[in-house]
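I opened a new structure today and kept notes as I went. Here is what I looked up.

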Amino acid sequence: MPAIPLIIDTDTGSDDAVALLLAAACGLGDIRAVTTVAGNVPVETGTRNALISLETAGRTDIPVHPGCARPMTRALSTAQHVHGEDGMGDIGLPDPTTTCHRTHAIETLLSSPHRYPGELTLVTLAPLTNIAAALMREPELFTRYRHVYCMAGAADLHGNVSPTAEFNVWADPEAARIVTRAATPEKVTWIGWDVSRKDAVMTPSDQQRLEQIGTPMATFAHRINRTVDDWARDVTGLTGYDLPDPVAMAVALDPSLITEQEQVHVDISVTDDTRGQMIIDRRMSAPAPNITLVRRVDETGFKKLLFDTVTTPLPRSPLPDTTAPALRPGSAL
C-alpha cells in the first residue's frame, strides 16, 4: 500500500516525539509537514523538539512550521512537570542541525489540503489551538482532508490533568469545542487518554526491551521518557508510562488496529469546575453524532509497530553519549 500523506500538528513532548518517529520511519506514513503549537512546552521548545525528533528518524527534509504560542482565550499551562523542562526528559539533547520554516502553522494547515484536496490525513497530537484558528478562517476545512485523527479527550472521564479531563483538551477547551462543532464522524476520529491508559502502557519489560534494542531511535525513545516514567508512577498509578500520542498515530497509520469504536455526539465543557471534560450524549434523543471515538486498540499490534519501527538502524543519533543522566538502579527507565 502507498504511504499515507500526513500533516502532523504537535506540541512536541516526549510522547509526541515517539509518534513522530513512528510516522517518519515505519513506512506507512509520508509526512508532508509538521506544525507546532504551545502545549506540553512553549511553542519554541516544541518546534526545537520536533526538529530533533525528525532528525533522529533521518528526515531532516520534512518542514516544521511554528504556530500559536498560547491558547485561544487562556494563559498557557504547560506539562513540563511531566515531560521535563525541555519536554524531552531533560537529558541534554543538543540543538538540531536544521531550522523551522517561516510559514505559520495555520497557513500550512489551510493551504496544504487545497493543494492536495482529499489526499491528506491530519493527525493532531496537541491542544487544538492551531486547528481551531484554521477552522475560524475556513469552517469547511475538515472536508478538504481525507481524515482527521486527534489525540484528545478521555471518553471514560478518567482524566490525567484533572479528575475528568485529558491534557490536550483541558489546555485549550475553547479550541476543542470549536473542533467538535465543526466535526462529523465520517471525517474526525478521536483517540483519547482512556485508550492509552488501557492499551499503550510501556511496562517495565517493554522498557527493558526498548533499551536493549540499542538503535538510535530506540535509545532516543527510551531516554526521553525518563521523567514521564516518574510521573506515571507517582500520579497516574500505571504499571509504566503510557504513550497517548504514539497510539493515536498508530491508529491513523493503520486503522485496523482499532478493536472498539463508537459514533457519538461530543461537546466540551469550558467552565472552570469541569474544564476540558468531554460531554458525551448517548441518549436516543441526542443530537447527531459528530465524532468517532476509538475506545480500544490492539495492544499487541501497536507495540509490534513501535518496536519494529525503532529497530531500524539509522546513521546518527542526537543523544549525547556521556551527558545523559543515569537511569535509576533496578529500573528499566
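**Sheet and rings**

The model I am reading is a predicted one.

Next I checked the strands around that spot. Strand β5 covers residues 147-151 and strand β6 covers residues 188-191. I found these two paired in the parallel sense, over four bridges.

I then traced the whole sheet. Nine strands form it, and it is open. I noted the order as β3-β2-β1-β4-β5-β6-β11-β9-β10, with mixed pairing. At the edges I found β3 (64-66) and β10 (278-281), each pairing on one side only. Neighbouring strands are turned by 30° against each other on average, direction ignored.

Which helices lie across these strands? I looked up two. Helix α4 (residues 105-115) lies across β1 (4-10), β2 (29-36), β3 and β4 (121-124). I read its direction as about 145° to β2. Helix α7 (residues 173-182) lies across β6 and β9 (258-268). Helix α7 runs at about 110° to β9.

I turned to the rings. The structure holds one aromatic pair. Phe 167 and Trp 170 form this pair, with 6.3 Å centre to centre and 35° between the planes. I logged the pair as tilted. Phe 167 and Trp 170 sit three residues apart in helix α6 (residues 167-171), so about one helical turn separates them. Are they buried or exposed? Both Phe 167 and Trp 170 are buried.

Last, I looked for charges over rings. Arg 275 lies over the face of Trp 170, at 3.7 Å from the ring centre. Arg 32 lies over the face of Tyr 116, at 5.2 Å from the ring centre.

Definitions and conventions: Residues are numbered from 1 along each chain as its sequence is written. This is a predicted model: local features need pLDDT of at least 70, side-chain atom pairs count only at pLDDT 80 or more; totals for chains, interfaces and linings use all residues. Side-chain values use heavy atoms; hydrogens and water are left out. Rings of Phe, Tyr and Trp (its six-membered ring) pair if their centres lie within 6.5 Å; planes under 30 degrees apart count as stacked, over 60 as edge-to-face and the rest as tilted. Buried means under 20% relative accessible area, exposed over 50%, partly exposed in between (1.4 Å probe, protein chains only). A charge sits over a ring if NZ of Lys or CZ of Arg is within 6 Å of the ring centre and within 35 degrees of the ring normal. Two strands pair if DSSP finds at least two bridges between them. Axes are lines fitted to C-alpha atoms, for helices over the stretch in contact, and angles run from 0 to 180 degrees between N-to-C directions. Contact means heavy atoms within 4.5 Å.
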